[in-house]
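Thanks for coming. I will go through one model today, starting with confidence and then moving to strands, a helix and some aromatic rings.

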Amino acid sequence: MSGNNAKGAASATSASGGKAGKAGKTGLKDSVTDGLYGLGWATVKKLPEPVAKALGRRIADTAWKRRGKSVLRLESNLARVVPGASPERLRELSKAGMRSYMRYWMESFRLPTWSKERAAGSFDPKDVHYLKDALASDRGVVLALPHMGNWDLAGVWVTRALGVPFTTVAERLKPESLYDRFVAYRESLGMEVLPHTGGSAFGTLARRLRAGGLVCLVADRDLSSSGVEVSFFGEPTRMPAGPAILAQQTGALLIPVTLWYDDTDVMRGQLHAPLDVPESGTRAEKTSSMTQALADIFAAGIADHPEDWHMLQRLWLADLEERQEDRTA
């Protein structure tokens, strides 16, 4: 027994040193990450627009050529979206996808400098009457979007073109200073931002909706690992239950939105008809049905514009389980 204890103590000492070194590296990486984002916000917004666009494209193409984990994951995800696509087609899509992703960042860095007129003219959504009618009803509205196009630009359009404030939720990023940058950035654009973790976000969202307010949620990736299982492009994954539960509990209207770019400087979008709350079934069954309906609308929009879906992370359950198996091994 004493031998085992000594071995355990030795292992703990070794692990402690390893963790200290890892923590130091993580701290340095966090500082560099925060510094780079800060440089982007400070510098890119000052560049002439053609220069900023060219820079974004150059960064995207360089990242794509390096074939890093994010690019390979994007291609793996796109293989589900475009079944039967050849490797050459997937490479074309991932290159276009990285350019679309960097367009999002270049626009986002520059959004705080845009005039109200510029913001209003840079997004052209179809069927806005769904949103206007829903807001006029005073029932509260949940807009649910996938990671397509530039959801921040869509939000700015809502606050500046429609003059409607809204509340959203942000993933807690590391380092904390980077998360603070994103919160300050989005609040400067007229958004109320709540942290995803902490437990109080849902209650605040419900209160905003019961007061007839607007809530916007990016809802194609479950950050809690406790979302609703849905079929997405023929394979199981999980999506957040929040949009459907909020609609049920508050009486708010749940409106899906899809976004995409074309060859112009204007982002396009589609507001879809509000999703009905099923008349029968348990709350869990209703939530499952509404979340699946949301996933189906997202899938249709993504299939039409796969290069504008910025999903560079694992999404499907098979991929998440594979990662867990790798960690266990």
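pLDDT is the predictor's confidence in each residue, on a scale from 0 to 100. For this protein chain the mean pLDDT is 86, and 83% of the residues reach 70 or more. Residues 1-20 are another matter: pLDDT stays under 50 there, and the model gives them zero contacts beyond four places in sequence, a contact being heavy atoms within 4.5 Å.

Some ground rules. This is a predicted model, so local features need pLDDT of at least 70 and side-chain atom pairs count only at pLDDT 80 or more, while totals for chains, interfaces and linings use all residues. Residues are numbered from 1 along each chain as its sequence is written, and side-chain values use heavy atoms, with hydrogens and water left out.

Helices (H or I, at least four residues) and strands (E, at least two) are DSSP runs, numbered from the N terminus. Buried means under 20% relative accessible area, exposed over 50%, and partly exposed in between, with a 1.4 Å probe and protein chains only.

Strand 3, residues 166-170, has four of its five residues buried, so it is largely enclosed by the rest of the structure. Two strands pair if DSSP finds at least two bridges between them. Strand 3 runs parallel to strand 4, residues 191-195, and five bridges join them; Phe 166 has Met 191 as its bridge partner there. With strand 5, strand 3 pairs over two bridges, also in the parallel sense, and Thr 167 stands opposite Val 215.

Next, helix 10, residues 242-250. How many of its nine residues are buried? Seven, which leaves the helix mostly covered. Among the buried ones are Pro 243, Ile 245 and Gln 248. The cover includes strand 2, helix 9, strand 5, strand 8 and helix 11. After helix 10 comes Gly 251, with a positive phi near 80°.

Last, the aromatics. Rings of Phe, Tyr and Trp (its six-membered ring) pair if their centres lie within 6.5 Å; planes under 30 degrees apart count as stacked, over 60 as edge-to-face, and the rest as tilted. That rule gives 10 aromatic pairs. One of them is Trp 105 with Phe 109, tilted, at 5.7 Å centre to centre and 35° between the planes. Trp 105 and Phe 109 are four residues apart in helix 4, residues 87-110, so about one helical turn separates them. Both Trp 105 and Phe 109 are buried.
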